[in-house]
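Dear colleague,

I am passing on the structure we discussed, and below it you will find notes on what came out of going through it. Please read them with the model open beside you.

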Amino acid sequence: MITKMSEGSTVAVSGTIVRRNLPGTKTCNYSKWAEEPFDEMDSTLAVQQYIQQTIRKDPQDVDLILLAPDTQDEGVWKYEHLRQFCMELNGLAVKLQAECQPETCTQMTATEQWIFLCAAHKTPKECPAIDYTRHTLDGAACLLNSNKYFPSRVSIKESSVAKLGSVCRRVYRIFSHAYFHHRQIFDVFENDSHLCRRFTVFVTKYNLMSKDNLIVPMLEADPSAPGGESEA
């Protein structure tokens, strides 16, 4: 039997606490269940659950979100974070659709110096920016859910972990296009999610991207990071 425990979403099933958003849960109570220590998360999805729990607690606390539990395998930790980034990036992709049209953004660009080719085709080629965004997120989802490369959520071969860098480079281009060409949309999204800053700290911490390719100023030393005024 399932009984509602409070105004939040925590329910009890035969005395066991189950964290679930029940039908009819109010927006203000969505995912407002009690926190659970990582070492008590008895599930193959424990790392994902822990990351999402930490994000909900404070999305601005990037260092805490990226701080792995002492016993956590680093490869799995990086993999689960990249899955989470891709899931959250879909929110930015949806917002971009209102403004980033194939007729106006005919190429995937970031400043006048960067034009990116879409790897979703048999031979990489130019794509409208919004199509590049969709293709990149679809391709990342296919790879990260591949039973060939990632058959387990608790252990990952080093050869598969090595593929995460190329995914990072491609999905980062979505941030850079949004920042340089749709700044208002980017700032609203970033001020709410802090996703680009978290991603920048993540790839820097684990050396998944060259700093030369991190063209969106996100770290504390960058004077034009979101939170200040947008460029006209």
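Histidine 194 sits in the loop that joins helix 7 to helix 8, in what is, please keep in mind, a predicted model. Because its relative accessibility is 13%, and the cut-off for a buried residue is under 20%, histidine 194 counts as buried. A polar atom of its side chain lies 3.4 Å from the backbone oxygen of asparagine 191, and, when residues up to four places away in sequence are set aside, histidine 194 touches Pro59, Gln60 and Phe189.

Helix 8, which spans residues 195-205, is mostly covered, with nine of its eleven residues buried; among them are Leu195, Cys196, Arg197 and Arg198, as well as Phe199 and Phe202. The cover over these buried residues includes helix 1 (46-57), helix 2 (62-65) and helix 3 (74-96), together with helix 6 (164-181) and helix 7 (183-193). Just after helix 8, asparagine 207 adopts a positive phi of about 55°.

As for the protein chain as a whole, it holds eight helices and five strands, which follow one another from the N terminus in the order β-β-β-α-α-α-β-β-α-α-α-α-α. Of its 232 residues, 45% are buried, and among contacts with a separation of 6 or more, 59% are between residues 24 or more positions apart. The accessible surface of the protein chain comes to about 12900 Å², and carbon and sulfur atoms contribute 50% of that area.

With best regards

Terms used
Residues are numbered from 1 along each chain as its sequence is written. This is a predicted model: local features need pLDDT of at least 70, side-chain atom pairs count only at pLDDT 80 or more; totals for chains, interfaces and linings use all residues. Side-chain values use heavy atoms; hydrogens and water are left out. Buried means under 20% relative accessible area, exposed over 50%, partly exposed in between (1.4 Å probe, protein chains only). Helices (H or I, at least four residues) and strands (E, at least two) are DSSP runs, numbered from the N terminus. Contact means heavy atoms within 4.5 Å. A polar contact is a pair of N or O atoms within 3.5 Å; within protein, one must be able to donate a hydrogen and the other to accept it, and residues adjacent in sequence count only if both atoms are side-chain atoms. Accessible areas come from the Shrake-Rupley method with a 1.4 Å probe; for residues, only the protein chains shown count as cover.
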